[in-house]
Amino acid sequence: MTSNPAPLSSASTPASSSGEAPPAGRTALRGRVVTPQEVLEDGVVVLDGPVIAWVGERRDAAAAGYAAEVEAAAEPAEGQVVLPGLVELHNHGGGGASFPDAQDAQEALVAVREHRRHGTTSLVASLVTAERETLLRRVATLADLGDAGEIAGIHLEGPFLSEVRCGAQNPHDMLAGDPELVRAIAEAGRGHVRTMTFAPEVPGNTGPGGVVEALVEVGAVPSVGHTDASSEQTDAAIAEGVTALAARRAALVAAGEPVGPAPRVTATHLFNGMRPLHHRAPGPIASCLAAAARGDLVVELVADGTHLAAGTVRSVFELVGPDAIVLVTDAMAAAGMADGTYQLGPMAVTVADGVARLDDGTPEGSIAGGTFHLLDVVRTTVGFGIPLVDAIKAASLTPAGVLGRADIGALEAGRRADVLVADAGLHPVVVWRGGALVTD
């Protein structure tokens with residue numbers, strides 16, 4: 001990543017040629033500004049301390065009262081784009097650090113900072129299947145980062161998963177659905193557990209008093225994944241999650257509690273770790289796509305060119321649109337690092353040519369997470385033919401909605417000043433988080 005913020009301006013920039021300096025704390029960023037609706041080819045984003053004050057075309061800045069800020073801003077580099085800070089829902093680590101293996105918050109913070117430097121300003125840290133006490137310890141460690149505002153939440157990928165579709169996780173630690181363990185995890189997480197992956201067919205996960213109900217009860221979103229379920233089992237699980245989330249939201253509204261965007265059930269890395277789609281046995285994939293198309297579910301896509309083919313990514317965008325898609329990395333410790341050997345929980349992983357696979361003794365082991373940053377996934381998705389606005393929405397606004405957050409995820413006035421400036425090739429140049437320049 002290039003750390004030189006030369007293309008940008010700051011509050012310390014000399015006064016404009018008109019003689020009027022911008023108010024202290026205000027910064028104007030110029031370039032091709034990507035909003036949830038369009039690309040402003042000659043756009044401006046004005047930051048006022050920790051919030052976004054204004055977004056619009058440069059020609060409209062004076063009328064909006066921001067002439068001095070625009071005058072003080074340096075000319076943008078050719079092709080420079082101004083993007084919202086990215087929001088990641090499924091990330092196991094990076095920079096050599098692994099969330100499932102971190103012994104303390106400082107170790108886990110290494111991974112957070114690795115991704116933040118590359119434009120992911122809101123990150124949900126993901127764990128993998130492990131035995132009970134390990135999960136509770138790791139959740140408590142990550143909760144420290146949540147308390148400090150360093151992460152946007154915690155995701156548990158297991159342990160209530162299908163051994164048949166275990167992927168790069170240890171099947172021996174997988175359990176039948178246990179709602180009391182969900183509640184213990186939530187207590188250890190101190191309000192930071194945001195989502196958990198579950199397999200609908202595993203006993204105890206669905207039905208009265210099951211894991212889906214417990215997850216919604218503790219404020220987490222159920223996510224279908226690592227599953228060999230039939231379409232009927234998946235349909236029922238999704239419907240249960242939709243009903244439970246709606247009931248909880250209604251109760252919060254009735255109690256006068258503040259609520260953000262309505263969260264939806266999600267599908268953990270659609271296609272990967274699932275029974276394949278078959279015309280006589282559609283399984284979970286068809287059910288998830290149908291639910292996404294009707295607005296009940298959001299699908300994760302690891303669109304890195306390894307997990308999914310370009311045609312698959314294009315088809316899903318055409319079928320359900322970016323409002324129902326979350327781009328994720330599924331990154332592990334090797335993100336931002338050289339090829340070599342790494343850990344993903346108890347599993348040994350070898351990274352060769354940027355692809356992570358299990359060391360399971362086979363010529364080509366299971367894919368074991370990703371090695372990209374989220375901006376790399378966006379760049380790859382755009383390379384697949386997806387419009388930039390749609391790819392950015394799927395990496396910012398849509399995941400923010402899954403988290404119930406209205407303060408992040410878009411370049412809109414009033415939202416937190418999380419901004420990623422990238423070059424014409426969608427490589428990071430400089431990152432702002434809460435109005436502060438990211439320097440490490």
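Me: Which elements do the buried residues of α9 pack against?

Reply: This is a predicted model. In it, the buried residues of α9 pack against α8 (283–293), β13 (297–301), β14 (325–327), α10 (374–383) and α11 (388–394). Those buried residues of α9 (310–320) are Val-313, Val-316, Phe-317 and Val-320.

Me: What makes these residues one face of the helix?

Reply: Look down the axis of α9. The buried residues fall within an arc of 100°, so they line one face. Glu-318 and Leu-319 sit on the other side of α9 and are exposed. After the helix comes Gly-321, with a positive phi near 80°.

Me: How do you know that β9 is largely enclosed by the rest of the structure?

Reply: Count its residues. Strand β9 covers 153–157, and 5 of the 5 residues are buried, so the strand is largely enclosed. Gly-153, His-155 and Glu-157 point one way, while Ile-154 and Leu-156 point the other way. Both groups are buried.

Me: Why are β8 and β9 called paired strands?

Reply: Pairing takes at least two bridges. β8 (120–128) and β9 share 5 bridges, in the parallel sense, so they qualify.

Me: Why is Arg-190 called partly exposed?

Reply: Its relative accessible area is 39%. Buried needs under 20% and exposed needs over 50%, so a value in between is partly exposed. Arg-190 lies in the loop between α5 and β10. Its phi is positive, about 50°, although it is not a glycine.

Me: Why is His-226 called buried?

Reply: The relative accessible area of His-226 is 4%. The limit is under 20%, so His-226 is buried. This residue is found in the loop between β11 and α7.

Me: What makes Trp-432 a buried residue?

Reply: Its relative accessibility is 9%. Buried means under 20%, so Trp-432 counts. Trp-432 belongs to strand β19 (428–433). Its C-alpha atom is separated by 14 Å from that of Ala-53, 379 residues apart along the chain.

Me: Why are β3 and β20 called edge strands?

Reply: The open sheet has 7 strands in the order β3-β2-β1-β4-β18-β19-β20, with mixed pairing. β3 (51–57) and β20 (436–437) each pair on one side only, and that makes them the edges.

Me: How do you know that β1 and β2 are paired?

Reply: They have 8 bridges in the antiparallel sense. The requirement is at least two, so β1 (26–34) and β2 (39–48) pass. Arg-26 has Asp-48 as its bridge partner in β2.

Me: Which residues have the most contacts inside the largest nonpolar core?

Reply: They are Leu-83, Leu-297, Ile-325, Leu-327 and Val-378, in a core of 50 residues. Beyond neighbours within four places in sequence, Val-378 is in contact with Leu-86, Leu-327, Ala-391, Ile-392, Ala-395 and Leu-426. A second, separate core has 32 residues, including Ala-105, Ala-130, Leu-135 and Leu-142. In soluble globular proteins, nonpolar side chains tend to be buried together.

How values were computed
Residues numbered from 1 in each chain as written. Predicted model: local features only at pLDDT ≥ 70, side-chain atom pairs only at ≥ 80, totals over all residues. Heavy atoms only, no water. Buried < 20%, exposed > 50% of the residue type's maximum accessible area, 1.4 Å probe, protein only. Helix = DSSP H or I, 4+ residues; strand = E, 2+ residues; numbered from the N terminus. Arc of directions from axis to C-beta. Contact = heavy atoms within 4.5 Å. Core = buried A, V, L, I, M, F, W, Y, C linked by side-chain atoms within 4.5 Å.
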